[in-house]
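My notebook is open and the viewer is loaded. Here is what I looked up, in the order I did it.

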Amino acid sequence: MIESVILATQVLLMVAGCLFFGVGTLGLFRFSDTLCRIHALTKVDNLGLGFIALALLPLAPSTAAGFKVVLIWIVALAASATSAHLVARAVRSGEKAGIEKDSRND
């Protein structure tokens with residue numbers, strides 16, 4: 001009985017994770033603004049990765065293997081946040097440079 005509940009939970013988490021990945025990818029293609037694209041990729045994809053990591057935890061053969069799955073998720077969160085921050089900063093600095101350039105032309 002408990003194994004079927006765990007299996008059903010895993011399936012739900014995997015489906016939810018894949019759906020979130022799909023929505024994040026759709027946002028990448030559908031949004032026109034760079035910052036909105038970054039938001040879709042970082043927030044939604046990391047949530048999808050979290051769901052998939054949670055689904056994989058009961059399948060881990062040992063505590064160390066489960067810890068590695070969680071560690072992979074944490075490293076992906078940190079890398080995603082850092083890269084999104086750098087891209088957003090570059091976009092903002094480009095916008096400021098464009099405004100200053102436009103004001104010189106007036």
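I started with what is buried in helix 1, and found Gln10, Leu13, Gly17, Gly24 and Gly27. Buried means under 20% relative accessible area, exposed means over 50%, and partly exposed is in between (1.4 Å probe, protein chains only). Helices here are DSSP runs of H or I with at least four residues, numbered from the N terminus.

A note on what I'm looking at: this is a predicted model, where local features need pLDDT of at least 70 and side-chain atom pairs count only at pLDDT 80 or more, while totals for chains, interfaces and linings use all residues. Residues are numbered from 1 along each chain as its sequence is written, and side-chain values use heavy atoms, leaving out hydrogens and water.

What do the buried residues of helix 1 pack against? I checked, and they pack against helix 2 (contact means heavy atoms within 4.5 Å).

Next I looked at how the two helices meet. The axes of helix 1 and helix 2 come within 8 Å and cross at roughly 165°. That makes helix 1 roughly antiparallel to helix 2, since angles over 145 degrees count that way. Axes are lines fitted to C-alpha atoms, for helices over the stretch in contact, and angles run from 0 to 180 degrees between N-to-C directions. I also noted that helix 1 passes helix 2 in a left-handed crossing, meaning the near helix is turned anticlockwise from the far one by less than a right angle.

Then I checked the length of helix 1. Its 29 residues should span 42 Å at 1.5 Å a residue, and the end C-alpha atoms are 41 Å apart, so the two agree. The expected span is 1.5 Å times one less than the number of residues.

I zoomed in on Gln10, which sits in helix 1. Gln10 counts as buried because its relative accessibility is 11%. Leaving aside neighbours within four places in sequence, Gln10 is in contact with Ala55, Pro58 and Leu59. A polar atom of the Gln10 side chain lies 2.9 Å from the backbone oxygen of Ala55.

Is Asp33 buried, exposed or partly exposed? Asp33 is in the loop between helix 1 (2-30) and helix 2 (34-56), and it counts as partly exposed because its relative accessibility is 35%.

Last stop was Ser80, in helix 3 (residues 63-105). Ser80 is buried, at a relative accessible area of 15%. Not counting residues up to four places away in sequence, Ser80 touches Thr42 and Asn46.

Key
Polar contact = N/O pair within 3.5 Å; in protein donor to acceptor, adjacent residues only side chain to side chain. Parallel < 35°, antiparallel > 145°, perpendicular 65-115°, else oblique.
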